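Subject: Structure handover

Hi,

Here is the structure for you to look at. Please open it first, then read my notes below.

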Amino acid sequence: MAVALCATLGAGTCAVVVSPGRADAVGTQAHAAGMQAGAMGTPAPYGFAEGAETVDGAASNIEGPRLRSGKTYRSVLPRAGQRFYRLDLKAEESAYVAVTAVPEFGSRVSYADGVEVSVQDADGNNCSPVEAQEARFGASESAHPITATAVRRAGPDEKTCEGAGTYYVLVERSSAPESSRGAWELELRVASEPSLRSAGAMATEPPRSWNSATPAPPTGERKRREGGTSFNDARALGKGLWGADVEPGETLFYRVPVDWGQQLSVSAELGSTGDRGGSDAGAGRDSATHDTGFISSALVMALANPARVEVDDADTAYDGKQKTTALDPLPPVAYENRYAPADEMAAMRFAGWYYLAVHLSADVAEKFGGGPLALTLRVDIGGAARPGPEYAGPHVPAEEFGVTERDAEAARRGETAATAGSGAGSGDDRAMVVLAVGGIGVGVALLGALGGWTLIARRRAAAVSGSAAAAAATAAAAEPGSGASPGSAAAPTPAQHGFGPPRRW
């Protein structure tokens, strides 16, 4: 049960106190409350990292702004041209530069449109195993965030880009002539992996065999858990059956903790047009449209590792009937997976948070109506966790790599990445106070005012009570025969106050 009281501070300020059973759903509403697009039925914009530094990429490598490990940045990529950034790396530091391109919602993109990123040394040599890591929109041809990651690998077996020094990050965009000409926003995140404490401690060949059988997907009643808008507010999931609503053109982000030795399996199911989770903008459409409509790549699901390197992706066509898709069987997380030739195996090289992005093509709105469709995710985490390799130092950022008891708790509660970082729970099983306001500052001020009003009311009540008691005692002393006794006067009641396809890397 929710108790809501709206105050007239500012425009439309409202605080809602939510019971534990509804905390998950209302937390999602609060997440989108400040989004102007949300009120119009369009997807909320990509949630860039809070406090991310804005940098301008340069046309020349020498002028590129410096990026630091563990930091997240915002930038812009024009339709034509390329942008450089710089890195200062240690000799034994493997660096991963993830670039997420965010085209404007509704902009036109083609199959081959995408972003490429590479790390280069002072001689222009590419440090990545191939020329560049790239991400494309592919068959969906629907504008949504896509991520490409390049790496500079350090180690005794690496013969390129050796030694400490300055390296250069090159970001390029490819666009078809018919594509929208607007610039894309960029989010750049740099992560680093230290060397092993002992160089010969781990095998230098991938595992020869592993259980590639697809596990039986979880069954039962799905638990509602809405996704985030980006890597930065991705919603945590554990093993189980999860449900959400997804709008045409929307991308939902989730994260799953996977430890060393554990094996992740994910499948997604898109409900029929009759299984709409919210208001159906297309409810009045002729049902024959649903029967004849067809979208070749309607639902796209991509998995990325803690360094945001894409592991695998999957998609499914849609004709108005329920459809399902699943990631290929993935190996258990192991350090030596990095030596595998297959991308999906090589990327399962870290323990930590694995990110799942699920996108519903904007074309769904044109052929099946604008309302959301029901999404079901079946997540399985098999195998027992085992000790990982001994590193010479910490990963940066450390909170993304490795799995702790706190991470397992975050998955159980369904915390977002931002909430978990602050040490606060999401409130799946606790009451929450959600501020449905245009700005967090106003909400904080409102709570402060409410607390102040309550305190003042109590103090006034105590003062009035004390005065009344004193008056009664005086009256009793003046009129002994009245039978009055101290404290017999009733105190007044205080006033109540309201309150894209995987690429080699």
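Of the 505 residues of the protein, 48% count as buried. Buried means under 20% relative accessible area, exposed over 50%, and partly exposed in between, with a 1.4 Å probe and protein chains only.

This is a predicted model: local features need pLDDT of at least 70, side-chain atom pairs count only at pLDDT 80 or more, and totals for chains, interfaces and linings use all residues. Residues are numbered from 1 along each chain as its sequence is written, and side-chain values use heavy atoms, leaving out hydrogens and water.

The mean pLDDT (the predictor's confidence in each residue, from 0 to 100) is 78, and 70% of the residues reach 70 or more. Over residues 1-40 it is below 50. That stretch still has 66 contacts (heavy atoms within 4.5 Å) beyond near neighbours in sequence.

The protein has eight helices and 23 strands. These are DSSP runs, numbered from the N terminus: helices are H or I with at least four residues, strands E with at least two.

Now look at strand β7, residues 94-102. Nine of its nine residues are buried, so the rest of the structure largely encloses β7. In a regular strand the side chains alternate between the two faces of the sheet. Ser94, Tyr96, Ala98, Thr100 and Val102 point one way from β7, and Ala95, Val97, Val99 and Ala101 the other.

What does β7 pair with in the antiparallel sense over nine bridges? Strand β12, residues 184-193. Pairing takes at least two DSSP bridges between two strands. Valine 99 stands opposite leucine 188 in β12. Strand β10 (residues 146-152) also runs antiparallel to β7, joined by seven bridges. There, arginine 152 is the bridge partner of alanine 95.

Best wishes
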